[in-house]
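This briefing goes with the sequence and model shown below. It is meant to be read alongside them.

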Amino acid sequence: MSERAAMAHNDGTGHAESEGFVQLPAPTIWPLILALGVSLSLAGLVTHWAITVLGVCLVLPAIVGWFVQIFPHERHEPVAVSTQIVPISTEWIVHVRPQPEIEPSAATTGRRQVLPLESYSLFVGVKGGIAGGIAMTVPAAIFGLLKYHSVWYPINLLAAGGFVSWASESDAFLAQFHLYGLLAGFAIHAFSSVLVGLLYGAILPMFPRRPILTAGFIAPLFWTGLLYTSLGILSPILDARINWLWFIVSQFAFGLVAGFVVNLQVRVRTPQFRALPFAVRAGLHTDAPRVDESLGDKNK
Amino acid sequence: MATTTAVDLTSQTKPKKLLLQVAHDWLTTVDHKKIGIMYIVYALVFLVIAGFMAMLIRIQLAVPNNHFLSPQVFNRLFTMHGTTMVFFVGMPILFGFGNYLIPLMIGARDMAFPRLNAFSFWISAFGGILLYYSYVGGSGLYGAGSAPDVSWWAYAPLTEKVFSPGHSTDYWTFSILLSGIGTTGTAINIVATILSMRCKGMTMTRLPLLPWIYLVTSFLVFVAVSPLTAAQIMITIDRYLGAHFFDTQAGGSAILWFHFFWIFGHPEVYILVMPAFGFMNEIIPVFSRKAIFGYPAMVAATVSIGFISLSVWAHHMFIDGLGAGGNIFFTAATMVISVPTGIKIFNWLATMWGGKIQFKTPMLFATGFLFQFLGAGLTGIVLSSAPMDWQLNNTYFVVAHFHYVLVGAILFALFAAFYYWYPKMTGRMLSERLGKWHFWLFVIGFHLTFDLMHVPGILGMPRRIYTYEAGRGWDSWNMLVSAGGFIQAIATVIFVVNMVWAFYRGRVAGPDPWDAWTLEWATTSPPPDYNFAVPPSISSRRPLWDLKHPEDVDSHYEY
């Protein structure tokens, strides 16, 4: 009965178990009659007026009948309750995968899995983004020099996404220095670099085994693929003139440097590791012990 | 290994009743469980009827220059198919599950207004009956009677008396009006129940996600169904009393009808799909053996979808000439809704990630839902862009897209829900073997039908055409689409057989066959009339987990 007490409480009405009955709303035909009456009232308009009359004749007593059901007191019927202990049973077997042996820790001895155990602070991503953004300018500038004999071409091209009037300008114009082009291009580049850096900071802990491969090559390939399919909508000017070979080289440069910088930083234990509640509030737990193998290795 | 825990529960033995007594019990019942089951059965009957109509439509379109049906009968079939599926299958079946589950999940004994609940059901049911009565009106059943032929959105001025003489449009209008009254009544009931009848300890932050979603959906019903009801009354006044709301010849506006209809019509998609999300929120964690990932984000996404869905209706009207401002706003609003929807998809995936997934039939359908809903969302993004919409509007691409949502997402979620909660409702388990046959056949049939249906749409095949000439490049696609439809029909027959067989011969389920965590599993299967002998008291989002694992209760982790 102790579990019973844990689960249940008296609902305050006092009639739940002590009297062996539960009071439930009494069955009634009047809602059905009222619905039928209303329906027939409308149906008469498409069939015959007599149907409408019949409908109205049903509506009136149904309203009265329903009213009597609830005034002055709602009508109830007692339903007998025979209380007994019934086990909540299940035949469902949940197969548990073999778990790697790891050093016991606060996070692994409990029943619940808390992920991620460690992550980077927010600013690590920003740092990585800034470093990657700077690194990316090198291949871009080399490309500008080789093809247009100007380091300004790539940044002006980027800026052209924001200046509609530059859409019809020549390559020679874009190869010249323009202050507004520099400012706009810098703003766009800085913003997107920091944003992507933040993304790196967030996703790299999820791929801890080969961070350079993930950050330096796989992520830039995905990113480039995404841009390749959508740049025509985002910036048709850029899409018409971009050199995808050099773009992907720049992306690799960004990814390698950003990934390298991010991985240099010290991981911090996530709030959910320090004090489990946030993890559970976010739903990051399982019902049986299971540990991320890589984190287990790191713990060793 | 699942656990077994003794709790305070009640069982009741019922004496056998005469058939007449049983009928009386069901006709007069105000019990939310019986009303929920009646909703579901009534919706399943209409599902079979509307599915049969779909088969007839696909036979007609399978080959070019086909005259299997007459043009008039074809028009009536797709009108009745669409109207039935939206108003008399989709909404009733979802409200049926809501009716059955919500009081159980919040630890209540019934809905807040049990008699209103019964009224809402019956008036919706009579709406459906009136719609089908149209087949015997006018020229009678053989000539398809007065069945409406104005499609499920009944665009004005097509529905004005001059273009739709007789009573076919009136049948459509009145049946939708009756259904709307019932829907609104149920929505009121659900809101009142969830807000006022939660058991002790069930704060809004511990409310299971399914009731949360029904709460938002019900608010959406208030806002969305009211304009539809107003439009039905206005068109009735136009047709019977000579007003000119939508009569373009007399200064009325057809666009006004479009606005009225779609301000209902697009939120309606979310009214249908959000309960499907709710089913996923309950099923995926149980079969992944993990708590739902990001409960607060899921709630926030649900509320966001509720709000944003009210600002997207005019993407159905891009070709009506809304102007650049209107097009940009509604394009942006439609695309923005993919953000909270994406959050949900990510959270379901994160729930599955690292979990001990068991691919029982409910989980198979839930997984199918995830893939297909993603596909449906992506084709939705295509259509939400005004320039693309100008190209694809009124082609089979649109038909493919919305069937991808309605069948690929909602119907899959409903099948998952059936397999998951059928044991609770009947006390019997559905057959896993038949369930898997059902799933795989349905998946094959679904993709054959609706993946391929996009192609003739892109090739320019208009929707709603009675037949088409050979040699336009649509022939083989249509044949395959029709074949896929029949495979789905076979799968559905297996599902119905499974349900009937399991009802009599299925394995006894026991109170908690899935080792689940929400309160509906804390009572017998099927539950007694009063649900809980003593109203439960909870202290976390997973009360049954707490009960089974007192050494590691959820409440220690929630604050």
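The model is predicted. Chain B comes to 16 helices and 1 strand, and chain A to 14 helices and 5 strands.

**Chain B overall**
- Chain B has a radius of gyration of 24 Å, close to the 24 Å that the globule rule gives for 559 residues, so it is as compact as a globular protein of that length.
- Along the principal axes, the C-alpha atoms of chain B fill a box of roughly 70 × 50 × 45 Å.
- Buried residues make up 65% of the 559 residues of chain B.
- Taking contacts in chain B between residues at least 6 apart in sequence, 80% join residues at least 24 apart.
- About 19,300 Å² of chain B is accessible surface, and carbon and sulfur atoms account for 72% of that area.

**Chain A overall**
- In chain A, 41% of the 300 residues count as buried.
- Of the contacts in chain A with a separation of 6 or more, 74% are between residues 24 or more positions apart.
- The accessible surface of chain A is about 16,400 Å², with 70% supplied by carbon and sulfur atoms.

**Nonpolar cores**
- The largest nonpolar core has 188 residues, and those with the most contacts inside it are Phe97(B), Trp257(B), Phe279(B), Trp348(B), Phe369(B) and Trp421(B).
- Helix H13 of chain B (residues 396–426) gives the most to this core, with 21 residues.
- Another core lies apart from it and has 17 residues, among them Leu157(A), Leu227(A), Leu231(A) and Phe247(A).

**Contacts of selected residues in chain B**

Neighbours within four places in sequence are left aside in the contact lists here.

- Phe369(B) contacts Ala276(B), Phe277(B), Met280(B), Trp348(B), Gly408(B), Ala409(B), Phe412(B) and Ala413(B).
- Gln372(B) is part of helix H11 (residues 361–384) and is buried, with a relative accessible area of 2%.
- The contacts of Gln372(B) are Tyr404(B), Gly408(B), Phe412(B), Phe446(B) and His447(B).
- Ala192(B) sits in helix H5 (residues 168–196) and touches Ala112(B), Phe113(B) and Met197(B).
- Ala192(B) and Met111(B) are 81 residues apart along the chain, and their C-alpha atoms are separated by 8.1 Å.

**Cis peptide bonds**
- In chain A, the bond from Phe71(A) to Pro72(A) is cis, with omega near 0°.
- Pro72(A) lies in the loop between helix H3 (49–70) and strand S2 (76–80).
- In chain B, the bond from Ser525(B) to Pro526(B) is cis, with omega near -10°.
- Pro526(B) is placed in the loop between helix H15 (475–505) and helix H16 (543–548).

- Ser151(B), which is not a glycine, has a positive phi of about 65°.
- Ser151(B) is in the loop between helix H4 (114–133) and H5 of chain B, and is buried, with a relative accessible area of 6%.
- Asn531(B), a residue other than glycine, has a positive phi near 65°.
- The loop between H15 and H16 of chain B holds Asn531(B), which is buried at a relative accessible area of 1%.

How values were computed: Residues numbered from 1 in each chain as written. Chains lettered and ligands numbered in written order. Predicted model: local features only at pLDDT ≥ 70, side-chain atom pairs only at ≥ 80, totals over all residues. Heavy atoms only, no water. Helix = DSSP H or I, 4+ residues; strand = E, 2+ residues; numbered from the N terminus. Contact = heavy atoms within 4.5 Å. Core = buried A, V, L, I, M, F, W, Y, C linked by side-chain atoms within 4.5 Å. Buried < 20%, exposed > 50% of the residue type's maximum accessible area, 1.4 Å probe, protein only. Rg over C-alpha atoms; globule rule 2.2 N^0.38 Å. Areas by Shrake-Rupley, 256 points an atom, 1.4 Å probe, with all protein chains shown as cover.
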